[in-house]
Amino acid sequence: MVEYYFSIFTNVELIGADLSEMSDDQLSVLYQQARYCQAMTEADTDTLREIVSEDVVFTHMSGRQQTREEYFADIENGSLRYFTIGIDSPVVEVDGDLASVTYTSVLNANAYGARGTYRMDGTHWFEKQGGNWISVNNPNR
């Protein structure tokens, strides 16, 4: 079994997650989710490009949609600045090469000039590609 050290993610907090109850596959997906969140807080778009499929479309709270590169450009230029991200009460489901993490995201961010802490419920989808979990669009849409 692989060891997952979530403590390396200094800007990401796992809240209400019982890691001892998760399978290796579930831990692997949750680790990738935490890695994704840490990269967002560091504006590390190189890592995000490794984790996020090229065809992903991001949807903001307002309903505004952006391509992967439009979203990453906003992170790079500081229009979107994430300070910390909480992953609250994650439920990780794995079915073969498809997985989801359903949780409440607790974002401490400055989003287009609006600084605050935002709580949003959602599901993040992953697909296993070449042995790695990659963030993908909801396969049910």
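Two strands are taken as paired if DSSP finds at least two bridges between them. The model is predicted. On that basis, five strands form an open sheet in the order E1-E4-E5-E6-E7, and the pairing is mixed. Strand E1 and strand E7 are the edge strands, each pairing on one side only. From one strand to the next, the twist averages 35 degrees.

Within the sheet, E5 and E6 pair in the antiparallel sense over 14 bridges. In E6, Gly122 is the bridge partner of Tyr103. Strands of a sheet pair through backbone hydrogen bonds, either parallel or antiparallel.

| Element | Residues |
|---|---|
| Strand E1 | 12–15 |
| Helix H1 | 24–41 |
| Strand E4 | 80–95 |
| Strand E5 | 98–111 |
| Strand E6 | 114–129 |
| Strand E7 | 132–136 |

Helix H1 lies across E1, E4, E5, E6 and E7, and runs at about 170 degrees to E4.

The largest pocket has a volume of about 1,000 Å³. It is lined by 35 residues, of which Phe58, Thr59, His60, Met120 and Thr123 are the closest to its centre. H1, strand E2 (57–59), E4, E5, E6 and E7 each give two or more residues to this lining. Which element gives the most to the lining of the largest pocket? That element is E6, with seven residues. By class, the lining has 21 nonpolar, 12 polar and two charged residues.

Key:
Residues are numbered from 1 along each chain as its sequence is written. This is a predicted model: local features need pLDDT of at least 70, side-chain atom pairs count only at pLDDT 80 or more; totals for chains, interfaces and linings use all residues. Side-chain values use heavy atoms; hydrogens and water are left out. Helices (H or I, at least four residues) and strands (E, at least two) are DSSP runs, numbered from the N terminus. Axes are lines fitted to C-alpha atoms, for helices over the stretch in contact, and angles run from 0 to 180 degrees between N-to-C directions. Contact means heavy atoms within 4.5 Å. On a 1 Å grid over the protein atoms alone, a cavity is a set of points where a 1.4 Å probe fits but cannot get out, and a pocket is an open set with protein on both sides within 12 Å along at least five of seven lines; lining residues have an atom within 4 Å of a point. Grid points are joined across faces, edges and corners, and a volume is the space filled by probe spheres set on the points. Ala, Val, Leu, Ile, Met, Phe, Trp, Tyr, Cys and Pro count as nonpolar, Asp, Glu, Lys and Arg as charged, and the others, Gly among them, as polar.
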